[in-house]
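Here is a friendly walk through some helix pairs, nonpolar cores and backbone details. Please keep the viewer open as you read.

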Amino acid sequence: MSGPPDKSPDRTAPPEVVGLAELRTQARAVRDFGQADRLRDEVHSLGWELTDTPDGYVLTVLPAYPVAASLTDLPDLSADPPTRACSAGLLVEGWPQDVRRCVEALLAHGPADLVIVGLDIGNVDGAGDVLHELAVAHPGRVEAWHLGNGPDQVGWGPARTALLRLDPARVHLVLDPSTVLTGDAITPLLDDLARLPDAVAVGWRGAQVDVADGWRSVVDTGPGEVDVLLSYLFAVDRAAGLAAPPHPKARFYRNADLEWSLALRESGGRLYVVEGELPCHQERHRGYHDSDPAYRDKESRRTYDRLLARFRGRTDLLSPRRDRVVDPAPVPAPSGPAPVRLAELTTLRLGGPARAVLAPLTEAELVATVLDLDRSGRPLLLVGGGSNLVVADDGFDGTVVRLLTRGVSDVVGASGGGGCVLPTVEVTAAAGEPWDELVLRTVEAGLAGLEALSGIPGLVGATPIQNVGAYGQEVAQTVVRLRALDRDAGEVRTLSAAECGFGYRSSAFRGDDRLVVLEVTFGLRRSDESSPVRYAELAASLGLPVGTTAPLADVRAAVLRLRRAKGMVVDPLDPDSVSAGSFFTNPVLSPEAAAALPEQAPRYPAADGRTKTSAAWLIEQAGFAKGYGTGRVRISTKHSLALTTAEGATTSDLLALAREIRSGVLARFGIELTAEPVLVGCSL
């Protein structure tokens, strides 16, 4: 919609800038998004920021310092080795006087080599200007990064993750601007972090979950090991923080630090409160006292509900300092316990409530749980990483059982005659192991066969079900056997690879929940070199001819780069990664159907004389460009096969877009696309 530009607080935009803005509005109206982006960049080069609004657009003068348009435009140093010992990460969301006081106290009382990394969110009340001024005044000690979006658009969790990625330090200090040092409060935290067993974070204040009231509160228990740390001030091992980052939907800090703490413990780390008093104090906590009470309470409650859905009853995560840990049956609230929304367990962040969620931690508990539910006749839904699920808005009227079993066998080669080690190595992983962690482990161990499957979300147990594949590799190429619970027979069976019935993105398990995968054994090749790279795009990224090999680590790094560029690596800072990966499979066509394709259509040989073509190409040629969609659901701006969701989206919205795309491709090419994710309580 066209409309007159707003005036900036400093001056009215010149006619040249206004003219470009009007042309951009016209380009957007005819869906020429490429031209619209070029015009926006031209406006930017003239010193103005152009922001779309429901009534047109707003033009504002750009500040004197660089401002990133989104969190994904900030540098990502997460893969770089540490270059300094410790940095303090400071979120700047307003209250400039608090920012100045906090930074100056850190400079005066922190270690001499401490670097302060500040992330300004929207320059509220000029707080970003103050951060910039401090960075200019203290080069090398204060780093200022600025984001154009304000706090109403950027949540605490994604912003904290961005700070972790901006900071090339071994230890990252989390603190609030209301915390003021009066002496060196940082060195004791660093000392304890290095000294205490398995410590991943040490803080000023912490607490333990109160299991007696059904996990609905936490209790301050003083120094020692704790369940949760509070974000007023704590030091976290940056690698551990990046491996288990704050939840991407945590918008307000309150309870989000508790949720992050439990995620750190779930990943295997331990949390401590430092012994003795620290030389620091807290001024008025404006983030709590001076925020909108309705917003504060709503977001705090939403975060705690999500925390309960994920962690309630996980007494294995709690600190062992208790005399004993007892987790009684949840104490119902007066109105009954809140239902668990499956949106919290899926990468699409969609899905209504489940009647109950169970989280068995061992294989024996998992088998017993499934068989008990089957005997009772109650509906059952198994959920792993949730990266391939589309759940109805009405949810699931039954019990969800989460796959949380962990364990990977030692990497041992089979011995041949004369004591030599054969090149094939078997690696067995439990169904609940995160897939990409297993891939990384095999790459680091010098085992080839899974490296091109890096970055795929989800758990090990899901990979054989849909015969996960990417960049020329499929798990079918390396699966030796697997163990599965046969729900009909009530027993655990071992199946060979041949019995798995692998096909293109399919297996004997897909579409039939009789067998529950418990563990998978892969046969890998001991080598520092990858399997031959058969996929042209990957080979080009590595600068190699198709069919040659490369170091395993190089192949993994290249695959991750390619997947990130397509939004296909789950990333809390990338809205394009809020998806279920490829929503449609590539069609495999009969010779007659393949012959009817346009000459320029991609063609790849498939089994039985058939031809595989590109679903992404069909979608784009049918008129659905990257970014297509309105409001809360759209095609990814990075990959035509991914459908993404934003806050407020529903499963109905997503399926409506999917049906529109499927109908458009059918009308244009006579080919009906097939959904790749599993649909629960809904249909396409």
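## Helices α1 and α2

A crossing is called left-handed if the near helix is turned anticlockwise from the far one by less than a right angle, and right-handed if it is turned clockwise. With that in hand, and remembering that this is a predicted model, look at the pair α1 and α2: α1 passes α2 in a left-handed crossing. Helix α1 covers residues 15–29 and helix α2 residues 33–45, and they pack at an angle of about 165° with their axes 8 Å apart. Angles over 145 degrees count as roughly antiparallel, and α1 and α2 are therefore roughly antiparallel to each other.

On the α1 side, the contact is made by V17, L20, A21, L23, R24, A27 and R28. Helix α2 contributes F33, Q35, A36, L39, R40, E42 and V43. By type, the residues of this contact of α1 with α2 are nine nonpolar, one polar and four charged.

## Helices α3 and α4

At what angle do the axes of α3 and α4 cross? The answer is roughly 25°, and the axes of α3 (residues 96–109) and α4 (residues 127–137) come within 8 Å. These two helices are therefore roughly parallel to each other. The crossing of α3 and α4 is right-handed.

Here P96, V99, R100, V103 and E104 from α3 meet A127, V130, E133 and L134 from α4. The contact of α3 with α4 has six nonpolar residues, no polar ones and three charged.

## Helices α8 and α10

Next, take helix α8 (residues 256–266) and helix α10 (residues 293–311), which pack at an angle of about 20° with their axes 9 Å apart. That angle makes α8 roughly parallel to α10. Their crossing is left-handed.

From α8, the contact uses A256, L258, E259, L262, A263 and E266; from α10, it uses T303, Y304, R306, L307, R310 and F311. Sorted by type, the residues of the contact of α8 with α10 are seven nonpolar, one polar and four charged.

## Two nonpolar cores

Which residues of the largest nonpolar core touch the most other members? They are L71, L119 and W260, in a core of 48 residues. Setting aside neighbours within four places in sequence, L71 is in contact with L119, L147, V154, P158, A159, A162 and L573. A second, separate core has 40 residues, including V443, Y471, L495 and A558.

L495 also turns up among the contacts of L515. Not counting residues up to four places away in sequence, L515 touches A484, L485, D486, R493, L495 and F509. L515 lies in strand β28 (residues 515–526). Its relative accessible area is 17%, so L515 is buried, the cut-off being under 20%. L515 and D488 are 27 residues apart in sequence, and their C-alpha atoms are 8.4 Å apart in space.

## Two residues with positive phi

Most residues other than glycine have a negative phi. Y471 has a positive phi of about 50° although it is not a glycine, and D608 has a positive phi of about 60°, again without being a glycine.

Where do they sit in the chain? Y471 lies in the loop between β24 (469–470) and β25 (473–474), while D608 lies in the loop between β30 (604–605) and β31 (611–612). Is Y471 buried or exposed? With a relative accessible area of 9%, Y471 is buried. D608, at 72% relative accessibility, counts as exposed.

Definitions and conventions. Residues are numbered from 1 along each chain as its sequence is written. This is a predicted model: local features need pLDDT of at least 70, side-chain atom pairs count only at pLDDT 80 or more; totals for chains, interfaces and linings use all residues. Side-chain values use heavy atoms; hydrogens and water are left out. Axes are lines fitted to C-alpha atoms, for helices over the stretch in contact, and angles run from 0 to 180 degrees between N-to-C directions. Helices (H or I, at least four residues) and strands (E, at least two) are DSSP runs, numbered from the N terminus. Angles under 35 degrees count as roughly parallel, over 145 as roughly antiparallel, 65 to 115 as roughly perpendicular and the rest as oblique. Contact means heavy atoms within 4.5 Å. Ala, Val, Leu, Ile, Met, Phe, Trp, Tyr, Cys and Pro count as nonpolar, Asp, Glu, Lys and Arg as charged, and the others, Gly among them, as polar. A nonpolar core is a set of buried Ala, Val, Leu, Ile, Met, Phe, Trp, Tyr and Cys residues joined through side-chain atoms within 4.5 Å. Buried means under 20% relative accessible area, exposed over 50%, partly exposed in between (1.4 Å probe, protein chains only).
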